Amino acid sequence: MNTRTLDQIRAASPLVHCITNYVTVNDVANVLLAIGARPIMADDSEEVEEITALCAGLCLNIGTLNARTIPSMIAAGKRARVLGHPVVLDPVGAGASALRTATALRILDEVRPALIRGNISEIRTLAVGSGATQGVDASAADAVTEENLMASADALRTFAARTGAVVAVTGAIDLVTNGSDCYAIRNGRAEMARVTGTGCQLSALLAAALAAVPSDPLAAAAETVALMGAAGEIAWVQMGECDGNATYRTRIIDAVYCLTDEELAARMNIMKL
């Protein structure tokens with residue numbers, strides 16, 4: 001595994017175009033700055049192709065999907081692919097509504113993202129073309145566990161091979177695969193689920209990672225997933241008695257800012273399946 005993804009992101013300082021949701025857009029911008037990348041948020045159809053041409057990577061997040069931004073996502077995604085820039089799709093809430101599911105499947109088909117990151121229910125929805133989620137959260141019945149780990153990995157390998165994308169599923173156990181190799185990652189804290197947007201932040205970081213390390217997208221993705229989990233671990237240790245989820249959110253971003261490649265390498269809990 002590469003084990004130098006963080007340093008490579010900071011050295012490259014990639015400009016990342018995010019068409020993302022308005023619930024978490026500020027945190028997404030700040031976590032990109034924290035890791036050493038540079039964010040730009042533009043979602044008007046009149047400029048998205050021009051903006052994405054200036055950038056090294058693109059993150060498409062359907063968390064607050066609307067009719068105005070769907071054409072923008074498709075146009076930016078197609079332009080990025082023509083230019084050879086990595087596109088990350090975060091299919092937030094796919095399976096919760098027909099519009100979300102159809103839009104995510106359309107992006108999958110027309111844009112052909114380099115990486116797809118979501119919870120297990122969202123990814124299963126894309127894999128079979130339909131599904132059900134509980135809002136933007138994974139269904140408990142779908143959760144990746146130690147008992148179903150190998151079966152889950154095999155299903156994700158099949159989906160990744162079919163799409164040609166690296167697939168990253170995040171949850172209690174994270175899985176990252178390119179259709180052949182698959183890694184299980186056991187970093188993070190359950191309390192991260194109490195902060196809105198850690199998944200959105202991770203998707204943007206993955207776009208930065210793939211832009212900075214184009215030669216090894218699987219390793220870059222696995223290490224970045226571990227990085228976000230490690231930031232959650234570091235941030236939790238620093239929490240005070242009266243600190244709540246707002247403080248935790250800030251401490252996670254601060255942990256990304258302060259993390260070194262050496263510390264990340266020591267903390268990463270990644271196992272090849």
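These legends describe close-up views of a predicted model. Residues are numbered from 1 along each chain as its sequence is written, and side-chain values use heavy atoms, without hydrogens and water. Local features need pLDDT of at least 70 and side-chain atom pairs pLDDT 80 or more, while totals for chains, interfaces and linings use all residues.

**View 1. The annotated pair R117 and T170.** An unreviewed UniProt entry gives the feature "binding site" at R117 and T170; such annotations may be inferred rather than shown by experiment. The two residues are spread over 54 residues of sequence but cluster in space, with a largest C-alpha distance of 7.5 Å. Their side chains are joined by a polar contact (a pair of N or O atoms within 3.5 Å, one able to donate a hydrogen and the other to accept it) of 2.6 Å.

View 2. R117 lies in strand β5 (residues 115-118), strands being DSSP runs of E with at least two residues. R117 counts as buried because its relative accessibility is 6%, buried meaning under 20% with a 1.4 Å probe and protein chains only. Its contacts (heavy atoms within 4.5 Å) include L89, D90, P91 and I123. The R117 side chain also reaches the backbone oxygen of G199 at 3.3 Å.

**View 3. The aromatic pair W236 and Y248.** Ring centres within 6.5 Å make a pair, and planes over 60 degrees apart make it edge-to-face. W236 and Y248 form an edge-to-face pair, at 5.2 Å centre to centre and 75° between the planes. Y248 is buried, at 1% relative accessibility.

Conventions
Helix = DSSP H or I, 4+ residues; strand = E, 2+ residues; numbered from the N terminus. Buried < 20%, exposed > 50% of the residue type's maximum accessible area, 1.4 Å probe, protein only. Phe/Tyr/Trp six-rings, centres within 6.5 Å; stacked < 30°, edge-to-face > 60°. Lists of a residue's contacts leave out its neighbours within four places in sequence.
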